Amino acid sequence: MPDWSSYFPVTDPTWIFFLVLCIILFAPILLGKLRIPHIIGMIFAGVLIGPYGFNVLDRDSSFELFGKVGLYYIMFLASLEMDMQNMRRIRWQAFTLGIAAFVIPLAMGFVSNYFLLKYSIVTSILLASMYASHTLIAYPIVIRYGVARNRSVSIAVGGTIVTDTLTLLVLAVIAGMFRGETQGYFWMELLLKVIAVSLLIVYSFPRIGRWFFRRYNDGVIQYIFVMAMVFLAAGLMEVVGMEGILGAFLAGLVLNRLIPRTAPLMHHLEFVGNALFIPYFLIGVGMLIDLSVLFGSTEALKVAGVMITMALSGKWIASWVTQKVFKMSALERELMYGLSNAQAAATLAAVLVGYNIILPSGERLLNEDVLNGTILLILVTCVVSSFITEATAKKLALRGGSVTEERPLDEESTLIALAYPDTVDDLVNVALMMRKNKSDAPMSAINVVLEDDEKAREQGSKLLEHAAMLASAANVQMQTKVRLATNLANGIIHTMKESDYSELVVGLHVQSSPTESFFGPVLLSLLNDLNRQITMVRCTMPINTIRRIHVAIPAKAQFEAGFYHWVERVARMAETLGCRVIYHGHRDTLRILQRFLQMYHADVRAEYIMTDGGNELKRLSKEVKEDHLLVVVLARRGSISYRPSFDHIPQQIKRYYINTGLMLIFPDIYAETATKGVSINQPLSVDDRYEAAKEWYRKILTKRSENNFEE
């Protein structure tokens, strides 16, 4: 018989990569039939093919390289997916979990290490710090189930950085002690270095990112730029003596606002990470695990048992404490526990540092029993973390995210009218940001050409193909159509009416001469013949680099049928961008608007400035900067909120906002009026106005209980 062992481990790069891809492909498929989380499948596959299994592959430099990239990717995606507005509200919960998840396992571990395992004080502290750290191994699971923005996930992610930072500080101090660096100002120097690098990242990265995104719109270039920033942050942290995962996490935090969750770039980042780098890291972790320790010395099993018990129980107590202090649900506690339970990154760093430190007696600071116990600790905690997170995330997804606030859903179907190549990216991105996340509602794009213009038809097909690619990159299916018509406006109008689209997104007309109408003949025809919401957009810079949104609202806007429709769209855009939004309007309008946002969009950083509800564009010109977006809510003639002063808005825009991003919204007047049965001329209290608008909005909610809007 041939000696097959001579062919293993495989060393040819082509076959190594082929085998890894096969594992990434088939492990989730096979284990999915057994209801085992695919993450565990990656780790077990690493055990089987690794040097301690069948020795098919060696853990060479490729696994070290891609593994480190995967680890940074996990930390980066975790901070990039965080809802920063929600994070501000739950920062104390995250801090509490982080401190509890560090102090409780550290205290329990020190006592057990010192009294049960009979280790020295320094060894006991270092070993206990390993119980305190954790890695977000199970984070891809919450992304897959669509619950990554649940508050318990944000708390777990925020607590991770607190816990791992403290753990890495302990590791740096103990390592410095044995290198003779703790004399003098070591503590102060380390702290100052970390603070200096953190301030450099926080201050410079957003500015560099905003400058870059404004000048380069290519998806590949943007992806490479983001990854370069992540590794720069990680490298800077390693230079000052900390682990790179802290820098990668911080890079995600500061770039969070520049990469909206609906943007194609976000989906590119998630796709590459989940398809390649993160599985590589998980397989590499499995290749470190030596199951033979289960049948080895009794001392190794004793050490492993103590380590696993302290780590699992310490994290559960920390999650329980956080739940009780902030009156959270049991489901939230389980999700926090599942995410904060897995040991990998900082744990490996700590055990390898301790293993490589040789004491004056010739012994290692952390012996082989601890090293083997750590491998078992990683295996058990990763399995437990994956199972708990999978089960809890599934329950949360089946309940429709009931732990978070319910938000109203209204029927939406968007048509984007495209005419010029320069505006395709802006219009599609704006429409995606105003779209409900994971909505099944149709999104379509149209290009209208004259029947005898063959060249325009070819150009229109290219525009629509590019728009469909942008939408597809954001995981949204877009229907496209080149429509032939004898009149451009009629082509759009007939498409809107034939398919009953609820809103139209179109670029703002560019005047070719001073005497030409501000809106142009096409937009004027659309306003005259369409009753649905029309959103006109002009972007002077990429929409994801907008720092603030100003919304000018006319008086009595709350009585328009489409009031909540545009309010919902602007709120979604503000949430996606993570920027502050300032509403300028009449007191009565703002009061209703504020109640709605507090109920369904509490994460929006909103400010309210009371005016008389008239034309405020001249006054606003002093507040709106070039990197701001001005949203002007208008009304058609004959509408409740229409004012004669609206006729002067085009001149004011040309005078004061020539270099400013602009969005003009003409609300929907198709539905029943919000004031049905109520005369707007009769004196009404604010509560009466609110009840009238609320009654109308109840009717357009889809498949919702009438009590959803109750306070």
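Guide: A residue is called buried under 20% relative accessible area, exposed over 50%, and partly exposed in between. Please keep in mind that this is a predicted model.

Visitor: Is K68 buried, exposed or partly exposed by that rule?

Guide: K68 has 40% relative accessibility, so it counts as partly exposed.

Visitor: Which side chain does K68 meet in a salt bridge?

Guide: K68 meets E238, with an N to O distance of 3.4 Å. E238 lies in helix α10 (residues 219–239) and K68 in helix α3 (residues 61–80), so this pair ties together parts that are 170 residues apart in sequence. E238 counts as partly exposed because its relative accessibility is 37%.

Visitor: How many salt bridges does the count come to?

Guide: The count comes to 14 salt bridges. One of them joins R547 and D627, whose closest N and O atoms are 3.1 Å apart.

Visitor: Where do R547 and D627 lie?

Guide: R547 lies in the loop between β5 (533–538) and β6 (548–552), and D627 in the loop between α23 (617–620) and β9 (628–633), so the pair ties together parts 80 residues apart in sequence.

Visitor: And is D627 buried or exposed?

Guide: D627 counts as buried, because its relative accessibility is 14%. R547, at 38%, counts as partly exposed.

Visitor: Which residues are linked in a network of salt bridges?

Guide: That network links D500, R532 and D668.

Visitor: Let us turn to the strands. What is their order in the open sheet?

Guide: The open sheet has 10 strands with mixed pairing, in the order β3-β2-β1-β4-β5-β10-β9-β6-β7-β8. Neighbouring strands of this sheet are turned by 20° against each other on average, direction ignored.

Visitor: Which strands stand at the edges?

Guide: The edges are formed by β3 (478–485) and β8 (606–611). Each has a single partner strand, so one side of each is left without a neighbour in the sheet.

Visitor: What holds strands of a sheet together in pairs?

Guide: In general, strands of a sheet pair through backbone hydrogen bonds, either parallel or antiparallel.

Visitor: How many bridges join β7 to β8, then?

Guide: There are 6 bridges between β7 (residues 580–586) and β8, and the two strands run parallel. V581 stands opposite A606 in β8.

Visitor: Which residue forms a salt bridge with E607?

Guide: E607 forms a salt bridge with R580, and their closest N and O atoms are 3.3 Å apart. This pair links distant parts of the chain, with E607 in strand β8 and R580 in strand β7, 27 residues apart. E607 counts as partly exposed because its relative accessibility is 32%, and R580, at 24%, counts as partly exposed.

Visitor: Now the helices. At what angle do α17 and α18 pack?

Guide: Helix α17 (residues 424–434) and helix α18 (residues 454–473) pack at about 40°, and their axes are 10 Å apart. The crossing of α17 and α18 is right-handed.

Visitor: Which residues meet there?

Guide: From α17 come V424, D425, V428 and L432, which meet L463, H466, A467, L470 and A471 in α18. By class, this contact has 7 nonpolar, 1 polar and 1 charged residues.

Visitor: One last point: where is P13 found?

Guide: P13 is found in helix α1 (residues 13–33). At 63% relative accessibility, P13 counts as exposed. The C-alpha atoms of P13 and S62 are separated by 9.0 Å, although these residues are 49 residues apart along the chain.

How values were computed
Residues are numbered from 1 along each chain as its sequence is written. This is a predicted model: local features need pLDDT of at least 70, side-chain atom pairs count only at pLDDT 80 or more; totals for chains, interfaces and linings use all residues. Side-chain values use heavy atoms; hydrogens and water are left out. Two strands pair if DSSP finds at least two bridges between them. Helices (H or I, at least four residues) and strands (E, at least two) are DSSP runs, numbered from the N terminus. Axes are lines fitted to C-alpha atoms, for helices over the stretch in contact, and angles run from 0 to 180 degrees between N-to-C directions. A salt bridge is a side-chain nitrogen of Lys or Arg within 4 Å of a carboxyl oxygen of Asp or Glu. Buried means under 20% relative accessible area, exposed over 50%, partly exposed in between (1.4 Å probe, protein chains only). A crossing is left-handed if the near helix is turned anticlockwise from the far one by less than a right angle, and right-handed if clockwise. Contact means heavy atoms within 4.5 Å. Ala, Val, Leu, Ile, Met, Phe, Trp, Tyr, Cys and Pro count as nonpolar, Asp, Glu, Lys and Arg as charged, and the others, Gly among them, as polar.
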